[in-house]
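Please consult the sequence and the model below while reading.

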Amino acid sequence: MTNRPRASLQRILEDLGSTVLDVAASPGELDAEVTGVHIYDPLDELLLPEGGILLAVGVDRAEQICALLDAAGPAAGVVVKQPVDVDELVRAKVLETGVAVLGLTRAASWAQVAALLRSLLAEGDLAEPGEAPPDDLFALANAVCALLDAPVTIEDRSSRVLAYSGRQDEADPGRVETVLGRQVPERYRRMLEERGFFRQLYQSREPIYMELDDDSINRAAVAVRSGDEILGSIWAAVREPLSDQRQRALADAAKIVALQLLRQRAGADTRRRLRADLLSTVLAGGRDAAEAAGRLGVASGRLCVLAAQLSGGPHADAAHRESDRQRFCDALALHVGAIHPKAAAALVGSVAYAVLPLHAGGGDEEARAVRVAESFLVRVGPRHAANIGVGRLAGNLAEVARSRADADRALRVLRAREASGAVAGYTGVHFEALLLRLSDLVEAEEQVPTGPYERLVSHDAEHGSELVATLRAYLDAFGDVNAASARVHVHANTFRYRLKRLAEISGLDLADPEARLTVMLQMRLFGR
């Protein structure tokens, strides 16, 4: 496919994150298409094509920024090292020219940001879903191994191994266990934390040397940074402190690894956003659904939509919560993909949606989709508490929007029940879903109780009586006075007297089925 998403300025800013680039002054919406990256040279004539991003090397004063904005013509943005000198003149010039001014973190190099921006604009980083980007971290690990003459691992902030070099057999058993498990064992991680090595590592911008106990080989490590953000670290198993030359080599390697990690993160975010955009189009079921389904590689008929959402309490760290959602969605995509090669899943907002093709099977398609969802929750249950709503079968793409609405409503019923780890098919919770929709209408129109029910509510509020509770017990017990009186812990004769009183006060005819239905619905809708 050559029809790729447009590289707008807003999308690039979202992909790179505010750690690298931030908006210093904006003309409004940042939807201008970015066509290329250009470096400012005061000795050259400035000829920028439409949509270019200008890296303003050496520019730091407001008057220089204004002059560049005048000369930038149809550019999309001008990048200046932070702190950006933005005054009223600069803001006015930004509005006049329509060119945004962006601030680059001081810790980033111009070469680094130029490479990052060009990688985002390159076609390869906007790969189609299912195409894996080239992974150079292992090549980098081997290069660092050759420079340091020591086996190397590259790890993320959670001590998960992202890549490792050769020669790991020369290291100690702890390193071998780390590489095989792709994660630093908990006992080693705890030891490093207790001895303050992680704190020392993340506070230093230079490599540090760690003397370990027992039979372990010592370590040299350096934090991998982008500005003030810690992306990960590089660890080398060494028997003695590094020489100055090898220290510099390790520090330089950290900058290259940072660039690669940022590129991979930006590329992954772009591919995920593309999948989410395409799946959203499929779920909408409009005229573009067929094209989007083709690009995703999903089936076009006999589909069920699954709506999955984490049910745990809100995490204090928004980034951690979003990371959990994405890992949960990735697991769902893997699960449905293993069941059917033309299934797809993506995170849309806080909900992970999956489109699951189902073969004809005697009309039990929704039940089969429920079983698929239940088996998934069993697999991820220890790590992710979640609920899943399952929509009715969609015979074609035009009906997928209805199946998605069904799945959303089933999921909402589970939330209303305060469930966790539960699956609901829409047909199984149809009436509850209708009541929730009716509750929305009641709330939107500011409806209030009326008729006999309103009179009972008012009497209870004025006299401190319990006539509404008496009526609820009676209706819940299907008119069985003995069972109903036991529920409210009063004698049956006392209960009969209360029934007579509530009928007199409210005018409710308990022998009329329509009247009973009306008051039962009001109890559910108004929550009394």
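Helices here are DSSP runs of H or I with at least four residues, numbered from the N terminus. Under this convention, helix α10 is followed by Gly297, whose phi is positive, near 80 degrees. The helix itself spans residues 289-296, and its buried residues are Ala289, Ala292, Ala293, Arg295 and Leu296. Viewed down the axis of α10, these buried residues fall within an arc of 160 degrees and therefore line one face of the helix.

**Confidence of the model**

The model is predicted. The protein chain has a mean pLDDT of 84, with 91% of its residues at 70 or more. Over residues 1-5 the pLDDT stays under 50, and the model shows 12 contacts for them beyond four places in sequence. A further stretch, residues 123-135, has pLDDT below 50 and makes 27 contacts beyond near neighbours in sequence. Where pLDDT is low, the predicted coordinates should not be read in detail.

**The antiparallel sheet**

Five strands in the order β7-β6-β10-β9-β8 form an open sheet with antiparallel pairing. Its edges are β7 (161-164) and β8 (208-210); each has a single partner strand, so one side of each is left without a neighbour in the sheet. From one strand to the next, the twist averages 25 degrees. Within this sheet, β9 covers residues 219-226 and pairs with β10, residues 229-237. Ala223 has Ser233 in β10 as its bridge partner. Helix α6 (residues 173-181) packs on the sheet and touches β6 (152-156), β7, β9 and β10, with its direction at about 55 degrees to that of β6.

Strands β6 and β7 form a hairpin with four residues between the strands, and in this hairpin Ser159 takes a positive phi near 65 degrees. Glu155 stands opposite Val161 in β7.

**The mixed sheet**

A second open sheet has five strands in the order β12-β13-β11-β14-β15, and its pairing is mixed. The twist averages 20 degrees between one strand and the next. Helix α12 (residues 365-380) touches β11, β13 (351-357), β14 and β15, and its direction makes about 165 degrees with that of β14. Helix α13 (residues 400-416) likewise touches β11, β13, β14 and β15, its direction making about 35 degrees with that of β11. Strand β11 (residues 303-310) is paired with β14 (residues 386-390), and Ala307 stands opposite Gly389 in β14.

| Strand pair | Sense | Bridges |
|---|---|---|
| β6 and β7 | antiparallel | three bridges |
| β9 and β10 | antiparallel | eight bridges |
| β11 and β14 | antiparallel | five bridges |

The side chain of Gln309 is joined to that of Ser350 by a polar contact of 2.9 Å. Apart from neighbours within four places in sequence, Gln309 is in contact with Phe328, Ser350, Val351, Ala386, Asn387, Leu411 and Arg415.

Note on methods:
Residues numbered from 1 in each chain as written. Heavy atoms only, no water. pLDDT = per-residue confidence, 0-100. Contact = heavy atoms within 4.5 Å. Pairing = 2+ DSSP bridges. Helix = DSSP H or I, 4+ residues; strand = E, 2+ residues; numbered from the N terminus. Axes fitted to C-alpha atoms, helices over the stretch in contact; angles between N-to-C directions. Polar contact = N/O pair within 3.5 Å; in protein donor to acceptor, adjacent residues only side chain to side chain. Buried < 20%, exposed > 50% of the residue type's maximum accessible area, 1.4 Å probe, protein only. Arc of directions from axis to C-beta.
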